Amino acid sequence: MNRLQSFISANCATYDNDGKCLLETGANGDRTCVYFRDHGGRCSYAENCVIPGDPKIEVLYWAERGVTVSGDFCDSCQQPFERKSNRQKYCKKCGEFAEKENRRKRDIEYKERKRRFKD
Ligand SMILES: [Zn+2]
């Protein structure tokens with residue numbers, strides 16, 4: 001079982017067992033989950049409801065399929081994050097760091113200007 005398969009088997013609500021899917025109604029009564037098929041495939045339920053549950057799996061999943069996710073990835077660490085506003089470019093951790101950096105730069109500029117003013 002690969003990483004995606006073990007993730008699906010552990011987290012998908014429609015996963016039966018032995019690589020079978022409860023919702024699958026394939027030809028000849030083949031209920032094999034698409035992720036357990038030799039030729040692979042995609043399942044919109046898993047893509048929308050199961051895979052996003054694990055950001056690492058999600059990134060891997062789309063990368064393997066050559067799809068660039070139009071979701072929200074941090075400009076700094078490339079990890080997916082929940083965007084709270086359109087201007088947000090960083091995840092919480094990197095955002096706090098960038099904020100601090102910005103404040104530090106503003107501070108330096110301010111002091112610089114003050115010094116020049118005095119001279
Ligand atoms: Zn980040």
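**Exercise 1.** Find which residues D72 is in contact with, leaving aside its neighbours within four places in sequence, and then describe its setting in this predicted model.

*Solution.* Start with the contacts: D72 meets Q79, P80, F81 and R83. Now turn to accessibility. The relative accessible area of D72 is 27%, and partly exposed covers values between the 20% limit for buried and the 50% limit for exposed, so D72 is partly exposed.

**Exercise 2.** Decide whether T14 is buried or exposed, and list what it touches.

*Solution.* First locate T14, which belongs to the loop between α1 (3-11) and α2 (44-50). Then check the number: T14 has 11% relative accessibility, and therefore counts as buried, the cut-off being under 20%. Last, look around it: not counting residues up to four places away in sequence, T14 touches K20, C21, L22, L23 and Y45.

**Exercise 3.** Work out how the chain is divided into domains and how far apart their C-alpha centres lie.

*Solution.* Begin with the bounds: domain 1 spans 1-70 and domain 2 spans 72-119. Then compare positions: 38 Å separates the C-alpha centres of domain 1 and domain 2.

**Exercise 4.** Characterise the largest pocket by its space and its lining.

*Solution.* The largest pocket holds about 300 Å³ of space. Among its 16 lining residues, Q88, Y90, C91, G95 and E96 are the closest to the centre. Sorting the lining by class gives nine charged, four nonpolar and three polar residues.

Notes: Residues numbered from 1 in each chain as written. Predicted model: local features only at pLDDT ≥ 70, side-chain atom pairs only at ≥ 80, totals over all residues. Heavy atoms only, no water. Domains from an automatic or database assignment. 1 Å grid on protein atoms, 1.4 Å probe; cavity = no way out; pocket = protein on both sides within 12 Å on 5 of 7 lines; lining within 4 Å. Points joined across faces, edges and corners; volume = space filled by probe spheres on them. Nonpolar A, V, L, I, M, F, W, Y, C, P; charged D, E, K, R; others polar. Helix = DSSP H or I, 4+ residues; strand = E, 2+ residues; numbered from the N terminus. Buried < 20%, exposed > 50% of the residue type's maximum accessible area, 1.4 Å probe, protein only. Contact = heavy atoms within 4.5 Å.
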